[in-house]
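Dear colleague,

Please find below the structure that I am handing over to you. A summary of the findings follows it.

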Amino acid sequence: MKRVYIRTFGCQMNVYDTGKMKAQLGLDGWQATDRMEDADLVVINTCSIRDKPEQKLHSFLGEARAVKRQRQAADPDDRLLLAVAGCVAQQEGEKLRRRYKDLDLVFGPDAVPRIRQLVARAEHEPVVDTEFLDSDDYVFADVLDPDAERSPTAFVTIQKGCDNKCTFCIVPSTRGTELSRPSDEILAEVRGLVARGVREITLIGQNVNSYGLKVPGERTFAQLLYAVAEVPGVERIRYTTSHPRDMGPDVVQAYRDLPQLTSHLHLPVQSGSDRVLRRMKRFYTRDRYLRLVEALLDARPDLALTTDFIVGFPGESDEDFEATMDLLATVRFHGSFSFKFSARPGTAALRLIDRGDEVPADVAQQRLQRLQDRQRQLSREHHEAMVGSIHPVLVEGWSRHDPGVICGRTSTFKTVNFEGDETLVGKIVPVEVTRAFTHSLRGRLVPTPVDA
Ligand code: SAH
Ligand code: SF4
Ligand code: F3S
């Protein structure tokens, strides 16, 4: 039996692509293993959004190369295939092969649907495939991730690529132009997942709000939400990521109409300063973002908002940063991911650095620290306010830390740990919150009349 080990870095798109790789390789008899030492094929699905994730590839490749050489030394016929996939593969292509002679296969995200052919070829010769396909030729892989059968939640990709040009971002160059997956195909995948016991669907894309707009006759993103909600068995719908500029009143309305749409929204703002937002080419203002938040909360009062921030973007002054801190306090985000600006190859922000606008590393670090401290405080306050209240929780499985404890998520995407057993996995059960922590909640299963 042939075994494949896949290590995944980066965003949900990569997690999803990894699932598709496993599913397709499964058709050729490959079985997934979680031990690199047992594998005949090692795939590293990489991310290049910031410098740090990219570094992870290099340390991992060092490790994988050592395993490969060790095995070949012991048995010259033992040919462990080594592959790099994902955004760094797309960005670096041939360069990676030149740097790591042991690599057998380098392929970008567009090549994921062709992984079976690529691996078969790589068994005979080194292969590099970083071509972007024309939209007419692109096919979204349609076999289902075997792991989806074991989880009540699943991702479904609805678009690939991104047409925006946020000046800090490498994604448009690693994932190519935006392409919407036909909605009938999306709905078929959703039905397939529900038939396997999935209860919660997360629609993913880099800019889901622009879904379908380039294709005459295609559903809009809001229409897609309504269509997914109609699929029997879909109990919860989430989606990510939204660009604030493209989020229209029809999506806001969906928060009034669709009980399946969960009360959590990740709406990356990046900065609270209009000057910085302009230089990032985000095409919204702080005021417009705040008005959107207001409209959303009006439609769904318990909506928990989370966001992304970049601190230390070139030219960010103390005043700009204070505007970000002020926005954080105004919206009172339930959570946020915050990053120090990282210069990426080929992005427009590099020109701002060349002009001498770089924010010193220690200043960026202090700003990040302040922002994260404040966020932790806010998250905790939100969690403390929940103590004593009861929430429907979709049970996902055993808690990673405590034996006998299961965990799940509220509609607002809060992790709740509570005592229970495996028979509850995949069910939505009422849980009373008993304790609040910064990143999770502790709860108690509330007996329903049937249990009592
Ligand atoms: N499509 C999403 C973002 C995807 S990237 C959107 O438009 O919101 C995820 C997050 O990584 C971004 O929201 C941003 O906060 C961060 N990020 C992207 N490029 C970065 C860079 N060069 N330096 C630091 N953080 C970055
Ligand atoms: Fe990057 Fe902007 Fe596209 Fe998001 S919307 S992927 S930040 S270019
Ligand atoms: Fe990283 Fe590529 Fe996703 S750069 S964040 S894996 S789209």
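Why does ligand 3 lie between domain 1 (2-129) and domain 2 (144-262)? Please bear in mind throughout that this is a predicted model. Both domains give residues to the shell around ligand 3, and therefore the ligand lies between them.

To place these domains in context, the protein is divided into domain 1 (2-129), domain 2 (144-262), domain 3 (264-385) and domain 4 (390-445).

The ligand shells

The shell around ligand 3 consists of Cys11, Asn14, Thr46, Cys47, Ser48, Ile49, Cys87, Val171, Arg175 and Gln206. By class, 5 of these residues are nonpolar, 4 are polar and 1 is charged.

The cavity

The count of cavities of 30 Å³ or more comes to 1. The volume of the largest cavity is about 200 Å³. Its lining is made up of 18 residues, and those closest to the centre are Asp17, Tyr138, Thr157, Lys160 and Arg175.

Helix 1 (12-27) and strand 8 (159-160) each supply at least two residues of the lining. Domain 1 (2-129) and domain 2 (144-262) each contribute at least three residues to the lining of the largest cavity. In terms of residue class, that lining has 8 nonpolar, 5 polar and 5 charged residues.

The contact between domain 2 and domain 3

The C-alpha centres of domain 2 and domain 3 are 24 Å apart. Their contact involves 22 residues from domain 2 and 29 residues from domain 3. Between them, the two domains bury about 2,200 Å², of which 62% is on carbon and sulfur atoms.

Two points of backbone geometry

Most residues other than glycine have a negative phi, and most peptide bonds are trans.

The peptide bond that joins Thr240 and Thr241 is cis, with omega at about 5°. Thr241 is located in the loop between strand 11 (236-240) and helix 9 (249-257).

Arg332, a residue other than glycine, has a positive phi, near 55°. Arg332 is found in the loop between helix 12 (318-331) and strand 14 (335-340).

Yours sincerely

Notes
Residues numbered from 1 in each chain as written. Chains lettered and ligands numbered in written order. Predicted model: local features only at pLDDT ≥ 70, side-chain atom pairs only at ≥ 80, totals over all residues. Heavy atoms only, no water. Near = heavy atom within 4 Å. Nonpolar A, V, L, I, M, F, W, Y, C, P; charged D, E, K, R; others polar. Domains from an automatic or database assignment. 1 Å grid on protein atoms, 1.4 Å probe; cavity = no way out; pocket = protein on both sides within 12 Å on 5 of 7 lines; lining within 4 Å. Points joined across faces, edges and corners; volume = space filled by probe spheres on them. Helix = DSSP H or I, 4+ residues; strand = E, 2+ residues; numbered from the N terminus. Contact = heavy atoms within 4.5 Å. Buried area = accessible area lost by both parts, 1.4 Å probe.
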